[in-house]
Amino acid sequence: MVDTVDKAPQLGGFDAEFANPLPPEYECPICQLAFRDPVQVEECGHRFCQSCLNEIKRRSKGILTCPLDRQQVDAEKVFLDKAARRAVLGLVIKCENAKRKCEWTGELSSVEDHLKSCPYADILCPNEQCQDSFPRRALSHHLASRCKFRVLTCQFCKEKYIYKDVKSHMKHCKRLPLECVNKCGVKDIPRDEMTNHITECPLSVLPCPYHDIGCPFKGRKDVLEEHAKCTVNEHLAMAVVKVRVNESRSICTNGYFIWPIKRFRQQFELARNSDEEIAVFSQPFYTSQYGYKLRIKAYLNGRDRGKGTHLSLYLIIMKGEFDALLEWPFNQKITFYLLDQGEDRKHKIHQLSPNRSLPNVRAVFNKPAAEENLGIGNPSFVSHEAIDAGEFVKEDTIFMKCEVEPYSR
């Protein structure tokens, strides 16, 4: 349903254009318009619009005086003049939109019904967000061509959108025809097919098919084919390097990593006789296939309070391939073992739990910004006396084991 434009509340008589001159007896002497709800004063016989007489009463603070003979009027002796009302409503008038070329004429009593369908009456747009008003006869044109909130169907993707959002829709329309980004001459490529076109476009600059093993070359399709023929040996060499890198990528098995420190006595003597604190490092390893990247650092002659008396052991969190998928800060418990190679299996054990009260805690457990974080561990992990007294060294090799608490999201 189409809403009409609201009008101000009516005060006074009918301001209508009559087909014939208005008879004087139906003209209100106050507003000088045709009576609207006429009332008659019983004592003097004068007639007025009911709203006009009420307004005089309001302005006189409740005292009613006839505006023609200035005599005070008893409000109880003012009555609705039904005959005059009926006569006025039966007068023939022109439509209030006559100046807009509406040719309707009819009794005053039927004008409201006419205005509900008058082609020249102002109405509001049926789209709630639109505040435009216009003659009823312009409704179809407005909805088809003018309304900013009219619903349109995209000629390319067939989706519906509001006219005011046309730029936004066309910016993302999946089927909008586009010109090839390489300017190859094709100009009617649907947006969602552009990727496929670029793959086949003769002017596209594409990476070498072997880019995933490290080849940095890029070129057009014809150039890539020639490049592939001329660089077979180089690509094979890159593939070999890639395989070796993948083979060297250690992963915890069943939650633990074992690090053999070979030539233990030789490396221990080197550390003991050096003025510097010499450390040895394990190869990097991952806590799981897509887990944290870690490595172990050992000071065979100790450091800090363990220097000269103990083997010191530390854990280092490194920048890994999957850091963006993991939770930070690192919160897994780590257990270090020096494995007893004898029958008794009396391993030396130290459990390392992330301690948030430690100094530099962020530089230890947070997601690495550099290649690796600061290490954390036990400077007094195992005494040299305990190592010599037990069966921890065999064939000049000791085994360090790192057990990682399972990662759960």
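**Cysteines, charged pairs and annotated domains in a predicted model**

A search of the whole structure, which is a predicted model, finds zero disulfides. The cysteine sulfur nearest to C130 belongs to C125 and lies 3.8 Å away, and C130 takes part in no disulfide. With a relative accessibility of 7%, C130 counts as buried. C184 is likewise in no disulfide; here the nearest cysteine sulfur is that of C180, at 3.5 Å. Because its relative accessibility is 28%, C184 counts as partly exposed.

Turning to the charged residues, the structure holds 20 salt bridges. One of them joins D81 to R47, with the closest N and O atoms 3.3 Å apart. D81 sits in the loop between strand 3 (78-80) and helix 2 (82-89), while R47 belongs to strand 2 (residues 47-49), so this pair ties together parts that are 34 residues apart in sequence. D81 is buried, at 10% relative accessible area, whereas R47 is partly exposed, at 24%.

R59 is exposed, with a relative accessible area of 65%. Through salt bridges with shared partners, E55, R58 and R59 are joined into one network. D304 also forms a salt bridge, with R303, at 3.7 Å between the closest N and O atoms; R303 counts as partly exposed at 21% relative accessibility.

D340 presents another picture. This residue is found in the loop between strand 20 (334-338) and strand 21 (348-352). D340 is buried yet has no salt bridge, the nearest side chain of opposite charge being that of R345, 5.7 Å away. The D340 side chain does reach the backbone nitrogen of G342, at 2.8 Å. Leaving aside residues up to four places away in sequence, D340 touches R345, K346, H347, E391 and F392.

As for annotated domains, an unreviewed UniProt entry lists a RING-type domain at residues 28-70. That span is 23% helix and 16% strand, and its end C-alpha atoms lie 16 Å apart. UniProt also places the feature "domain: TRAF-type" at residues 114-160 and 168-215. Residues 114-160 are 21% helix and 21% strand, with end C-alpha atoms 36 Å apart. For residues 168-215, the corresponding values are 25% helix, 12% strand and 40 Å.

Technical notes. Residues are numbered from 1 along each chain as its sequence is written. This is a predicted model: local features need pLDDT of at least 70, side-chain atom pairs count only at pLDDT 80 or more; totals for chains, interfaces and linings use all residues. Side-chain values use heavy atoms; hydrogens and water are left out. UniProt positions are given in the numbering used here, feature names are shortened, and annotations may be inferred rather than shown by experiment. Helices (H or I, at least four residues) and strands (E, at least two) are DSSP runs, numbered from the N terminus. A disulfide is a pair of cysteine sulfur atoms within 2.5 Å. Buried means under 20% relative accessible area, exposed over 50%, partly exposed in between (1.4 Å probe, protein chains only). Lys and Arg count as positive and Asp and Glu as negative; His and the chain ends are not counted. A salt bridge is a side-chain nitrogen of Lys or Arg within 4 Å of a carboxyl oxygen of Asp or Glu. A polar contact is a pair of N or O atoms within 3.5 Å; within protein, one must be able to donate a hydrogen and the other to accept it, and residues adjacent in sequence count only if both atoms are side-chain atoms. Contact means heavy atoms within 4.5 Å.
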